[in-house]
Amino acid sequence: MPTETAAALPARSVRTSAHGATARARLIRAWLPALSLALVLAAIAWLNPRAISYFGFSLMLNLAIPIVLATIAQLFVISGNELDLSIGSFVGFVGCVTATWLNDAPWLGAATLLGAVCVYAALGALIHVRNLPSIVVTLGMSFVWQGLAIMMLPTPGGKAPAWLQAISAFRFPFVPLPIVAALAIGAIVHFGLMRTSYGAILRGSGGNPAALARAGWSLLRTKVVLFALAGFFGVLSGMALISITTSADANIGSGYTLLAIAGVILGGGEFVGGRVSPVGAVVGALTMALAASPLLTFMDIPPDWQVAANGAILIVVLAARALVSRRED
Amino acid sequence: MERSRALLAKPWLWSYLGALAVWLAAIAFTGGHGGGGMLSAALALAQFTVIVGIGQMFVITLGPGNVDLSLPANIGLASAVAMKVMDGSDSMVAVGLLAALACGAAIGATNYLLIRALRIPPIIATLSASFIIQSADISYGRGLQIKPPPGFADFTNLEVLGIPILALLTAAFSVVAAIALHRMVYGRSVLAIGQNSRAAWLAGTPVGRTRALTYTLSGALGGIDGALLAGYFRGANVDIGNEYLLASLAVVVIGGTSVAGGRANVPGIWGAALFLVLLLTMLNTFGVSAGVRLLVTGLVIVAVIAAAGGQDAQR
């Protein structure tokens, strides 16, 4: 017995120190999204100190909320091990509905948007039942949404409902609206997905579907719920976008597919295994929103290279994470 | 019964039937006019989808998660590079084609390096890469409306008895690809990795090298496709490859290649590509608006994949 303890002791201490390194790596990893945001903010502050102000943030983060909402939509889909390549054109479609029907005939508009959420839920069911590759299905759907958007609004135009404009024109004292809204969205989704029991089931449907099914949970239901939530947040994103731009265009959401995926991944999400972080995704989306244009404009990067900069930021952050993860192993 | 089950077991046969159906619908609408011309135009357009489709097929066959989303950007950049190197002179055609091939292969190799070195999923790696490539193309090709050399443009548009020469070459290449897939060590390795990459590795298959080669091949095919497209449409532009993201994925899945990896089908790609092109031709004949065309294309692709691709994925 004593010999066994003696033999076990050093082994355990080795394990604890290894555990310590793993925990440290995890900590760095968890803080990586915040670190990226801080870096981007520092760069902006250094390049243009005047931008760090109430007015500056209101301007720079003007379009951040639609991006945050689209990122949350993508987060739900990624939680279930799927990917939505149609979120950008869906946001564009919602924008067109918001600027036309929701303004002229509110009930028809609301019913259409509700119907669109139902289509998302149905897609989740279809993907699950027929075991289809979500990237191909959603890529096909991106044509559908874009086609519908062009049919509704062949030329840019329309008008945002007055109540929607009033919401986005609201000003909080001291803290710009986008920051308050981002905090609220992050808190709500974090609570729903990370702190409730069904949230754990939803994440589990991406983490270990087989175990979940064996425990008696319906995988069809989790997928439908995840896609419906994605549709719901996609609708919110489109409405938020139109509340700011006040008019719509069929291609208005085209960049959002990349921004949303990038936001989730920057925020510490993994493609497989239901490992996502809503707060991280919000931070990631804000980082992308700031990096996407204000930072690049301050750095005098020509518009040609702004898309490339988005891709490059993504690669750099993933490289940093790969380094950290290697230590985690 | 037995026969219908055999037919159902080959979902790619449906793609040919679908192509036939939309062709007949288009001819019925025109009252029997221009059916042959429609077919040669469809062949001429389908070949471009087939070329990238074959590259995408090899990538997808590597197993779940493997996909090349950088093809549209790759095609765009390669088309600009090819036209710039050829510089309107027929004597530089071969050099231009080689340059496009090298450009595409370099993009493919970079994709694999990103996947391998950063351990990021191929979807994100190729997507991020595609944004950098796209910017490079916008910056490189800015304001340039580069025309292909006249000889090259004529060659890519050349038809003999209504059959485009390029389509014949693509068909020959498809045969080579099918042989490589089913009879050569490379193709068997790709299939083995797609079925079970760990088992393939334990059996001594060079997994890393095969994957690197596959991504490079897909990139190279995208590059050559870009050059040929620029010749066919008599000019390079940034958006020339845009439609080939959905098209390359759709033809692979509709054509009967398993999205779970490990099972691939070359003839199905031709059927699916002809189906997609003829579908667009049919919609154009009907004279529908751009919005309806997008809507119908999307719906048909989702419906066909739901009908045909599903069982394939269920393993």
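Tutor: Let us begin with buried area, which is the accessible area (1.4 Å probe) that two parts lose on being put together, summed over both. The model is predicted: local features need pLDDT of at least 70, side-chain atom pairs count only at pLDDT 80 or more, and totals for chains, interfaces and linings use all residues. Residues are numbered from 1 along each chain as its sequence is written, chains are lettered from A in the order in which they are written, and side-chain values use heavy atoms, without hydrogens and water.

Student: What is the area buried between chain B and chain A?

Tutor: It is about 3500 Å², and carbon and sulfur atoms give 78% of that area. Contact means heavy atoms within 4.5 Å; by that rule, 40 residues of chain B are in contact with 38 residues of chain A.

Student: How many salt bridges are there between chain B and chain A?

Tutor: A salt bridge is a side-chain nitrogen of Lys or Arg within 4 Å of a carboxyl oxygen of Asp or Glu. Between chain B and chain A the count is zero, while over all chains it comes to two.

Student: What makes A:Glu82 and A:Lys223 a salt bridge?

Tutor: Their closest N and O atoms are 2.9 Å apart, and the definition asks for a distance within 4 Å. A:Glu82 lies in the loop between helix H3 (64-79) and H4 of chain A, and A:Lys223 in helix H12 (residues 219-245) of chain A, so the pair ties together parts 141 residues apart in sequence.

Student: Why are H4(A) and H7(A) called roughly parallel?

Tutor: Helix H4 (residues 87-99) and helix H7 (residues 134-152) of chain A have axes that come within 8 Å and cross at roughly 25°. Angles under 35 degrees count as roughly parallel, over 145 as roughly antiparallel, 65 to 115 as roughly perpendicular and the rest as oblique. H4(A) and H7(A) are therefore roughly parallel to each other. The residues of their contact divide into eight nonpolar, four polar and no charged.

Student: Why is H12(B) called oblique to H13(B)?

Tutor: The axes of helix H12 (residues 244-254) and helix H13 (residues 267-286) of chain B come within 8 Å and cross at roughly 125°. That angle makes H12(B) oblique to H13(B).

Student: Which residues of H12(B) meet H13(B)?

Tutor: B:Ala247, B:Ala250, B:Val251 and B:Ile254 meet residues of H13(B), including B:Gly268 and B:Leu276.

Definitions and conventions
Axes are lines fitted to C-alpha atoms, for helices over the stretch in contact, and angles run from 0 to 180 degrees between N-to-C directions. Helices (H or I, at least four residues) and strands (E, at least two) are DSSP runs, numbered from the N terminus. Ala, Val, Leu, Ile, Met, Phe, Trp, Tyr, Cys and Pro count as nonpolar, Asp, Glu, Lys and Arg as charged, and the others, Gly among them, as polar.
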